[in-house]
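Colleague: I'd like to go through this one with you, and I'll keep asking what your terms rest on. Could you put it up?

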Amino acid sequence: MRIVIAEDSVLLRAGLTKLLTDGGFDVVEAVADADALLRAVGVHRPDVALVDVRMPPSHTDEGIRAALVIHHEFPQVAVVVLSQFVEERYATDLLSVRTSGVGYLLKDRVAHVPDFLAAVRRVAAGGTALDPEVVAQLLVRHRTDPMERLTARESEVLRLMAEGRSNNGITAELRVSHSAVEKYISSIFTKLDLPHTDSNHRRVLAVLRYLRP
């Protein structure tokens, strides 16, 4: 699995390169700024781009803007964004335009190597990986009236959905039956006014509605 890394910290860039290489990834290039990232993605067309939110020259939103460009110009490239802190605006910007092959993780999560590598693989396979702290903060601050209809257990199920967990993953996490998880998810769809249609993915819409500002 081929990956491009964009991180301006020399030490962290080297650490990520070694960690991912040891984990079975092929790090085709590691760069220090957004312009170099876009060039590298254009040349290598990797499976995944691992992008720091803040990079030179202004160290504000260069990384997230580059991630959005990758989404539009190279939609086949999955994107995992790394952030030092929970930055709600950047998370919602990213999630509002991309509902698969996307991740938003805090840098502290890298220390949990098996979880981090699993998250990158999940995103590369077309899934999502949202840091639990990112999800929790967005849910608390951006909850709208329909969300108040959800029970505590339904809210927990939706949080796990937002983290990219499958039904089997939710079953294992909550230690409940598969049929119970299906009932919770069906109830979530009903309470969030998301009827079944051939043109909409209700699971994605439920997560986006929960995270929407």
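Modeller: Here is a walk through some helix packing, salt bridges and cores.

Colleague: Before that, what are the ground rules?

Modeller: This is a predicted model, where local features need pLDDT of at least 70, side-chain atom pairs count only at pLDDT 80 or more, and totals for chains, interfaces and linings use all residues. Residues are numbered from 1 along each chain as its sequence is written, and side-chain values use heavy atoms, with hydrogens and water left out.

Colleague: Why are α7 and α10 called roughly perpendicular?

Modeller: Helix α7 (residues 152–162) packs against helix α10 (residues 202–211) at about 105°, with the axes 10 Å apart. Axes are lines fitted to C-alpha atoms, for helices over the stretch in contact, and angles run from 0 to 180 degrees between N-to-C directions. Under 35 degrees counts as roughly parallel, over 145 as roughly antiparallel, 65 to 115 as roughly perpendicular and the rest as oblique. The two helices are therefore roughly perpendicular. The helices themselves are DSSP runs (H or I, at least four residues; strands are E, at least two), numbered from the N terminus.

Colleague: Which residues of α7 and α10 meet?

Modeller: From α7, Ser155, Leu158, Met161 and Ala162; from α10, Arg203, Ala206, Val207 and Tyr210. Contact means heavy atoms within 4.5 Å. By class, that makes 6 nonpolar, 1 polar and 1 charged residues. Here Ala, Val, Leu, Ile, Met, Phe, Trp, Tyr, Cys and Pro count as nonpolar, Asp, Glu, Lys and Arg as charged, and the others, Gly among them, as polar.

Colleague: What makes aspartate 131 and arginine 109 a salt bridge?

Modeller: The rule asks for a side-chain nitrogen of Lys or Arg within 4 Å of a carboxyl oxygen of Asp or Glu. In this pair the closest N and O atoms are 2.9 Å apart, and the pair forms a salt bridge. The partners are 22 residues apart: aspartate 131 lies in the loop between β6 (128–130) and α6 (132–142), arginine 109 in the loop between β5 (102–106) and α5 (113–124).

Colleague: Is aspartate 131 buried or exposed?

Modeller: Buried means under 20% relative accessible area, exposed over 50%, partly exposed in between (1.4 Å probe, protein chains only). Aspartate 131 has 0%, so it is buried, whereas arginine 109, at 21%, counts as partly exposed.

Colleague: Which salt bridge does glutamate 154 form?

Modeller: One with lysine 191, at 2.9 Å from N to O. Glutamate 154 is buried at 5%; lysine 191 is partly exposed at 22%.

Colleague: How many salt bridges are there altogether, and which residues form a network?

Modeller: The structure holds 12. Arg153, Glu156, Arg159, Glu163, Arg165 and Glu173 are linked in a network. Within it, arginine 165 and glutamate 173 come to 3.4 Å between their closest N and O atoms.

Colleague: What makes a set of residues a nonpolar core?

Modeller: The members must be buried Ala, Val, Leu, Ile, Met, Phe, Trp, Tyr and Cys residues, joined through side-chain atoms within 4.5 Å. The largest core has 51 residues, and those touching the most other members include Leu37, Leu158 and Met161. A second, separate core of 20 residues includes Val27, Leu50, Val110 and Val123.

Colleague: How do you know that valine 181 is buried?

Modeller: Valine 181, in helix α9, has a relative accessible area of 0%, so it counts as buried. Leaving aside residues up to four places away in sequence, valine 181 touches Asn167, Ile170, Thr171 and Val176.
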